[in-house]
Amino acid sequence: MAQKRAYIDYNASAPLLAVARDAVVDALAQTGNPSSVHQEGRASKAILESARREVAALVNAKPDHVFFTSGATEAASTLLTPHYVMGRAPVRLSRLYVSASEHPCVLAGGQFAPEQIETVSVDSNGLLDLGQLRARLAAHDKSEGLPLVAVQAANNETGVLQPIGEIGRIVKELGGFLVVDAVQAAGRIPLDITTASADYLILSSHKIGGPKGVGAIIAVSDLVMPKALVRGGGQEKGHRAGTEALPILSGFGAAARFAREQLESGGWGLTNRQRIEDGIRSIAPDAVIYGDTVDRLANTTFFSLADMKAETVQIAFDLAGIALSAGSACSSGKVGPSHVLAAMGFGNGTGGLRVSTSPETTQDEIALFLDALTKIVARRDRSKLAAADAA
């Protein structure tokens with residue numbers, strides 16, 4: 001009899017939606033290049049532009065301000081650069097300011113040199129230190145270039161939501177540009193680029209149930225844009241060269257439409273986080289749930305078990321049929337403490353375990369998780385008692 005399994009790792013990658021899979025298959029049948037002017041090319045172009053409209057609608061952007069990339073990492077590498085243009089005129093950005101708990105693709109700094117990057121602290125809940133951000137930007141020497149700030153809307157490990165509106169107001173007041181990594185937030189909370197004071201958003205298809213290998217840069221205006229990272233063709237208005245990957249872009253558009261409809265129906269408000277966290281606290285009273293006193297994504301719980309390394313517990317869960325993450329799944333084979341927890345001041349070295357669900361997560365899956373947790377904690381406690389007796 002096959003083992004029952006529960007997939008509760010949606011922040012790593014959401015399963016491919018049926019509507020997205022169907023869109024991919026339909027687009028695979030298209031022959032034409034979207035840049036060709038003949039009938040076949042126009043048919044492919046229509047699919048491409050439909051996907052662009054759907055992705056734009058998810059964050060209330062203009063479709064012609066959406067530019068597709070191979071994923072969020074490429075989008076970050078493109079946006080995090082000192083080199084921007086306004087038409088043909090260069091616009092120089094001299095320093096990048098990032099929060100200490102950002103995703104590694106943002107912490108890497110893109111095209112900025114290490115000495116051009118400044119890290120802004122977060123508090124014990126993972127919230128950006130707004131006073132420190134304001135002070136850093138006020139002290140920024142604009143004669144060398146303008147400041148660029150990059151912040152996640154929602155942390156990929158803890159699910160903690162940053163006050164993007166307030167951050168945006170500070171950045172605008174002090175003459176900077178703001179990039180918002182909306183990868184985890186898109187489709188899970190309402191986002192509106194026109195009210196977030198963000199200049200650019202980063203999205204990823206596979207986080208919302210679309211295919212892997214595609215993401216997007218969304219600009220509030222295309223007046224000021226980064227110099228293209230991938231050059232050599234006129235695709236994406238010259239912002240990203242290369243023939244567009246039509247099938248997966250079509251799947252991205254279908255997933256964006258589904259996510260928007262689900263948001264409008266309140267689907268992401270119906271999550272199981274309360275039952276999960278009540279269960280964790282009951283089974284393991286010494287567990288720590290991070291960011292639980294501030295606003296978080298309704299689908300995310302990040303916790304540690306005392307005296308147990310997260311990677312070890314993750315393996316135990318996997319053997320019990322539970323797919324979850326130890327920290328984020330952004331780097332293959334990642335071992336060691338979470339940089340997010342370190343930034344929040346938790347230096348216990350054990351790391352954290354992330355449970356991330358969807359509106360489709362069932363009560364049976366949650367019960368399977370809690371049952372496995374009960375057994376894992378019981379084994380830990382028996383081991384501690386045996387060690388105490390031996391001493």
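Residues are numbered from 1 along each chain as its sequence is written, and side-chain values use heavy atoms, with hydrogens and water left out. Because the model is predicted, local features need pLDDT of at least 70 and side-chain atom pairs count only at pLDDT 80 or more, whereas totals for chains, interfaces and linings use all residues.

An open sheet is formed by four strands in the order β11-β12-β15-β14, with antiparallel pairing; strands are DSSP runs (E, at least two residues) numbered from the N terminus, and two of them pair if DSSP finds at least two bridges between them. The edges are taken by β11 (288-289) and β14 (325-326), each of which has a single partner strand, so one side of each is left without a neighbour in the sheet. Strand β12 (residues 300-304) runs antiparallel to β11 and is joined to it by two bridges, and Phe303 in β12 is the bridge partner of Ile289.

Strand β2 (residues 66-69) directs Val66 and Phe68 one way and Phe67 and Thr69 the other way, and all are buried, a term that denotes under 20% relative accessible area, against over 50% for exposed and values in between for partly exposed (1.4 Å probe, protein chains only). In a regular strand the side chains alternate between the two faces of the sheet. Four bridges connect β2 with the antiparallel strand β9 (residues 215-219), where Ala216 stands opposite Phe68.

In strand β7 (residues 177-181), five of the five residues are buried, so β7 is largely enclosed by the rest of the structure. Phe177, Val179 and Asp181 lie on one side and Leu178 and Val180 on the other, so that both faces are covered. The pairing of β7 with strand β6 (residues 146-152) is parallel and extends over five bridges, with Val179 in β7 as the bridge partner of Ala150.

Helices α5 (residues 130-139) and α6 (residues 164-173) pack at an angle of about 15°, with their axes 10 Å apart; the axes are lines fitted to C-alpha atoms over the stretch in contact, and angles run from 0 to 180 degrees between N-to-C directions. The two helices, α5 and α6, are therefore roughly parallel to each other, the class for angles under 35 degrees. In contact (heavy atoms within 4.5 Å), Leu130, Leu133, Arg134 and Leu137 of α5 meet Glu166, Ile167, Ile170, Val171 and Glu173 of α6. By class, this contact of α5 with α6 comprises six nonpolar, no polar and three charged residues, where Asp, Glu, Lys and Arg count as charged, Ala, Val, Leu, Ile, Met, Phe, Trp, Tyr, Cys and Pro as nonpolar, and the others, Gly among them, as polar.

Note on methods
Parallel < 35°, antiparallel > 145°, perpendicular 65-115°, else oblique.
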